[in-house]
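Q: Could you show me how to read a few features of a protein model, taking the general idea before the particular case?

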Amino acid sequence: MSARAVLICLCSLLVLPRLGWAEPLSIGVSVSDLGNPYFQRIARAAEQEARRQIGDEVRVQVMSSAYDLERQAAQIDRFIAAGVDLILLSAASYDGLNDAIARAHEAGIYVIAVDVQAAGADATVTTDNAAAGRLACDYLVRQLNGSGRVVIINGPPVSSVLERVEGCRNRLAQETGIELMSMDQNGGGSFEGGFEKMTHLLTAFPQIDAVFTINDPTALGAEQAANEAQRHEFIIASVDGAPRALQRLPDADTLLRATAAQFPSEIAKRAIELGVRLIRGDTLERELWLIPPELITADNVDQFGQW
Amino acid sequence: MNDASSSARQKAASRLWRGLRVRTRLLIAFSVLLGATLAIALVGWAGLSNTGTALSQFEEQALPDISRSLELAERTANLAAVAPYVANASSPFLLQGESQNLRDRIAKVLALAGAIPQLDAAAPRLQTLLLQLERTVNDLVELTRQRLFLREDLRQSEYQLGTLASRYGEDPQHAPVVQLAERLMLAAQVNNPAELDLLQQRYGSALALLKTGAYDQVAVDQLERIGSGEGNLFQLRMNQLELEQRSAFLLASTRAISEQLSTEVGRFVDHVESRIEQQSRRVGIAVASGKSGILIITLLGITVALGGIWVVRLLARDLGAVTGLMTRLAAGDTDQQTPAVERIDEIGDLARAFQVFRENAVEIARISQSLREQSRLLETVFNNINDGLSVFDGEGRLLAWNPRYAEILSLPADKLEPGATLEQVQELLAEEARDSWALDGVALDRDELNSLRRERVQRFERHFADGRIVEFRSSPLPGGGFVTLYSDLTERKAIEEQLRQSQKMEVLGQLTGGVAHDFNNLLAAIIGNLQLLETRLEPDSKAVNNARRALAAAERGGGLTQRLLAFARKQRLQPETIDVDRLIGEMLDLIEYSVGPAIEIDLTLNATPWLVNVDPGQLENALLNLAINSAAAMPEGGKLRFETCHVDNAGLESGDEAVLVRVQDTGAGISETHLARVFEPFFTTKEVGEGSGLGLSMVYGFVKQSQGDIRIHSQLGEGTRIDILLPRVTDLRPQEHDQDDQGALPSGRGEWVLLVEDDQPVRDMAEDMLDSLGYRVESVVSIEAAYTALTERTDFALVFTDINLGTAENGLHLARDVAEMLPGLPVLLTSGLPADQLSSRYGLPVGQFVLAKPYHREALARAVSDALANTENKES
């Protein structure tokens with residue numbers, strides 16, 4: 001943490017008393033998977049932004065749902081019991097947590113959905129997933145000069161994944177030379193899932209020109225499978241901009257050539273900002289806040305820092 | 001014994017079979033065939049049904065079993081494969097998917113197992129194993145879930161530690177805090193429980209140290225909460241390790257259960273396989289039995305069909321035989337044996353019916369043949385009888401007639417047609433033939449006659465312009481109408497005339513014969529006495545001349561009687577077998593002398609080598625007579641032709657083969673009216689005194705007496721031709737003429753001769769002749785006197801007797817008695833009758849020599865001498 005950050009925190013502390021909070025604000029963050037650096041980044045960025053805006057006295061509880069609705073609902077209930085003021089919720093399912101969110105609202109708690117939408121949330125901050133899918137697949141189309149066989153390794157049926165795939169397909173559909181051979185393999189958004197499903201696809205298709213994966217762990221698993229199978233005839237584009245992916249991009253033998261980077265810090269910051277505004281009694285001009293992605297390739301990877 | 005009874009049974013069966021009607025037999029054959037066909041159909045149907053059932057059973061049971069068992073095997077194998085995925089699920093989300101997947105699979109296998117009813121029997125542990133697997137998998141899922149949550153909890157702790165470390169990382173005062181946080185983070189990665197224990201102890205001491213130090217209380221509290229609070233990091237990690245161990249166990253369990261499941265499924269598959277095999281074997285057996293059943297029944301059917309063919313062939317053969325018979329019968333062959341009559345079936349019926357039919361046909365044919373013959377006969381008679389015949393019906397209309405009818409009545413045949421009335425027919429008759437005459441010459445009324453003809457028999461005549469007389473004999477018919485026979489009497493009347501003529505000739509012959517006979521006896525006496533007188537008178541005296549003239553006249557009278565006898569066929573002939581050609585050749589100079597130089601004689605003689613048996617002298621005489629007649633018919637000269645040849649169809653009583661002697665002249669000819677009478681004696685065309693009128697009648701008599709025939713053809717101005725037919729004799733050689741001895745007369749030496757003669761002049765003349773010849777004579781007038789003389793005296797050398805002695809006993813009787821009583825005493829017979837009359841009237845033996853009266857002295861001398869000599873020869 002830099003001095004600047006500390007300074008920001010101090011500034012926040014100066015502002016907060018003006019809000020007249022008797023007790024220090026408490027924020028609950030429930031993400032899907034703390035094993036994923038992306039969510040770690042969201043959690044950490046949210047904590048930092050909260051300290052910056054509200055002050056060091058702000059309490060931030062970070063929990064991971066492991067994509068389990070029950071567990072997440074229990075976590076929300078624990079947030080309610082702990083008397084938090086704001087919940088950043090990376091929901092395991094779009095409408096699986098209605099009751100829990102309703103209970104939170106009853107308790108006067110604002111719920112901001114991050115990364116994925118959640119029914120009943122006061123606002124949603126998420127990457128423009130359709131744009132991310134479009135960016136990645138635009139890259140693939142350009143690399144293939146508009147013709148080739150493409151497979152998509154899909155993920156869990158959450159809005160972000162659905163939108164990415166849709167964005168990708170919309171871009172692919174603009175090219176008559178592109179043949180989409182498979183798009184229903186669900187890699188679960190994980191390295192292992194990517195590995196398994198890619199193995200499956202490699203077995204099923206002798207010739208593949210390009211692969212789109214819904215996130216970087218999947219892409220890395222797919223690349224690992226290709227390496228194991230000694231198949232290097234295709235390129236991979238993904239969505240995330242995860243550190244390991246960025247490390248991989250400059251490598252000479254990489255199959256992963258591009259990733260449409262999300263900006264978890266931006267998401268977290270915006271979520272905290274919106275939450276603070278809600279707490280202050282502001283009315284938000286819109287519920288959905290999209291953070292534009294950026295395509296990262298070996299050419300521009302230097303310009304992007306870690307999340 | 002067995003063989004005998006079985007063969008008896010066979011015979012009985014065969015008899016029973018033959019006894020069946022054809023219909024029954026064919027019905028039996030067809031029934032058996034039908035039965036066999038039905039049986040084949042049934043067996044085939046049943047077999048196909050069985051096969052179909054087996055197949056559908058196979059489809060219903062075995063195939064699903066196979067597919068289920070295969071699916072079961074696959075799914076159970078998959079279960080074990082999926083389990084590690086569950087155990088290794090990296091995220092709860094994946095776990096949810098995989099565990100759901102695994103549960104689905106187990107549920108499916110369970111459902112599958114439940115759907116296989118035989119499964120319990122074949123793989124009794126399968127259900128249990130599946131349930132056990134489900135339990136294990138559920139455990140595993142739950143465990144993994146707990147593990148994941150633990151991991152996530154650990155991550156939360158790590159995140160807090162990370163946050164703590166980063167907050168105090170650059171604060172040297174809080175280095176122990178950071179150190180402890182890092183130590184805790186390390187503990188979250190430790191895999192060894194012992195090491196974890198060690199780390200926990202160190203953490204405890206470190207935390208206690210921290211509490212005493214001046215550190216941020218918040219951080220210490222956080223560290224204490226993370227490291228030793230409820231759900232502390234060590235506990236979480238320990239739990240995690242335990243769960244991992246437990247997870248490995250569960251995985252191993254699922255593998256073991258899965259393997260057992262595979263074994264069970266394999267057993268079930270084996271069971272299914274063996275069941276399918278059994279089923280297939282059963283189906284195979286059923287098919288084989290069905291096949292053999294069909295084969296047996298087919299063979300039976302073929303046998304029956306062959307039997308049927310054989311029966312039909314036999315039937316067809318018998319039918320064919322009967323048909324052939326019928327065909328041959330239709331062709332007219334009635335003499336054939338009917339086959340299969342003894343059969344008692346339809347063929348037999350047919351054969352018997354055919355036999356009856358044939359008998360009827362034969363009978364009908366016979367009747368029709370006889371009718372045809374009768375009809376032909378009647379028709380022939382109708383058409384060919386010499387009489388005309390007509391039939392008119394009750395209304396007087398012409399029904400039928402024969403050709404002769406029109407011919408006899410000179411009716412125009414083309415104008416006669418059936419239905420013409422009697423009046424119309426009579427209109428067609430010639431004018432003069434319309435009048436009817438009764439047989440006695442009275443004219444009859446035509447209309448009355450026409451009506452009478454329908455009621456009773458009518459006979460009448462009609463006369464035609466050409467002289468023909470036609471007799472009508474009309475008889476009424478039972479159904480009305482009448483039938484009439486028309487006889488042309490012209491010819492019959494002519495024949496009657498001829499008959500009368502021949503009767504006249506016969507009467508004439510008998511008359512002249514009788515007269516000539518008596519006259520002959522008279523002449524014999526006269527001639528004999530004149531000859532005796534001549535010897536006693538003075539030579540060259542007037543008396544001698546007178547006697548000689550009387551003798552000549554008497555001899556001419558004798559010649560006359562000879563010719564009369566010849567006509568009467570009563571002359572004594574001495575037939576010989578001769579060659580006619582030779583005879584004519586030898587008498588040629590005599591003929592030439594007789595006819596004179598103006599007549600040219602032509603001979604065409606072709607009779608040789610055929611021979612005839614006639615009296616050659618009489619034949620010469622006849623031919624000479626004919627030549628002289630011809631010469632008389634040719635006063636201006638002409639040609640006289642003698643011709644002989646063979647005739648094969650003479651129509652004589654003695655046969656058809658004859659020699660024809662033809663004498664033909666170119667003279668004046670004889671008119672038709674005279675021609676019928678030329679053979680009558682004393683008929684002559686010459687002036688009175690120029691001819692005797694006996695020439696041709698003598699020839700006629702001679703030829704007839706020689707069993708020949710004579711015919712005369714003559715045309716006025718063209719000449720006369722006379723044909724003499726003489727019967728041919730085959731066996732005999734022609735006899736050479738014995739030249740009469742011209743030497744001195746043999747004379748007796750006083751031998752006694754018994755003379756038997758009833759006619760006194762002849763007796764006296766004979767006495768004198770024998771006396772003059774040197775014999776002594778005792779004369780008697782009767783047989784009785786002859787017997788007396790023969791008994792009184794024994795010195796007779798000869799008996800000389802007339803045959804006809806005017807009594808019942810004749811000369812032949814005498815001769816026979818003498819031959820019996822006095823053998824060696826010769827008997828010389830004499831008679832004025834010819835030999836044939838003697839043999840027919842008196843039974844004269846053939847070859848018996850008879851001295852013909854009247855006899856000359858020379859003939860008597862030779863006959864007596866010969867008789868005596870024969871006796872001497874016999875005696876010597």
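Q: What does the secondary structure of chain B come to, and what share of its residues count as buried?
A: This is a predicted model, and in it chain B comes to 25 helices and 19 strands. Of its 876 residues, 31% count as buried.

Q: How is a pair of packed helices described?
A: Two packed helices are described by the angle between their axes and by the distance between those axes. In chain B, the axes of helix α5 (residues 126-168) and helix α8 (residues 217-228) come within 11 Å and cross at roughly 155°. Angles over 145 degrees count as roughly antiparallel, and α5(B) and α8(B) are therefore roughly antiparallel to each other. Their crossing is left-handed.

Q: Which residues make the contact between α5(B) and α8(B), and of what class are they?
A: From α5(B) come Ser157(B), Gln160(B), Leu161(B), Leu164(B) and Tyr168(B), while α8(B) brings Ala219(B), Gln222(B) and Ile226(B). By class, this contact has five nonpolar, three polar and no charged residues.

Q: How many residues does each chain give to the contact between chain B and chain A, and which helix of chain B gives the most?
A: The contact takes 15 residues from chain B and 19 residues from chain A. On the side of chain B that touches chain A, α3 (92-115) and α5 each supply at least two residues, and α5(B) gives the most, with nine. The residues of that side divide into six nonpolar, six polar and three charged.

Q: What should I expect of phi and of peptide bonds in general?
A: Most residues other than glycine have a negative phi, and most peptide bonds are trans. In this model, the peptide bond from Thr608(B) to Pro609(B) is cis, with omega near 15°, and Pro609(B) lies in the loop between β9 (599-605) and β10 (611-614) of chain B.

Q: Where are Ala66(A) and Gln230(A) found, and is each buried or exposed?
A: Ala66(A), whose phi is near 55°, a positive value in a residue other than glycine, is found in the loop between β2 (59-64) and α3 (69-82) of chain A. Ala66(A) has 25 other C-beta atoms within 10 Å and is therefore buried. Gln230(A), which is not a glycine either, has a positive phi of about 60° and is found in the loop between α8 (216-229) and β9 (235-240) of chain A. Because Gln230(A) has 7 C-beta neighbours inside 10 Å, it counts as exposed.

Key. Residues are numbered from 1 along each chain as its sequence is written. Chains are lettered from A and ligands numbered from 1 in the order in which they are written. This is a predicted model: local features need pLDDT of at least 70, side-chain atom pairs count only at pLDDT 80 or more; totals for chains, interfaces and linings use all residues. Axes are lines fitted to C-alpha atoms, for helices over the stretch in contact, and angles run from 0 to 180 degrees between N-to-C directions. Helices (H or I, at least four residues) and strands (E, at least two) are DSSP runs, numbered from the N terminus. Angles under 35 degrees count as roughly parallel, over 145 as roughly antiparallel, 65 to 115 as roughly perpendicular and the rest as oblique. A crossing is left-handed if the near helix is turned anticlockwise from the far one by less than a right angle, and right-handed if clockwise. Two residues are in contact if their C-beta atoms, placed from the backbone, lie within 7 Å. Ala, Val, Leu, Ile, Met, Phe, Trp, Tyr, Cys and Pro count as nonpolar, Asp, Glu, Lys and Arg as charged, and the others, Gly among them, as polar. A residue is buried if 20 or more other C-beta atoms lie within 10 Å of its own, exposed if 12 or fewer, and partly exposed in between; C-beta atoms are placed from the backbone.
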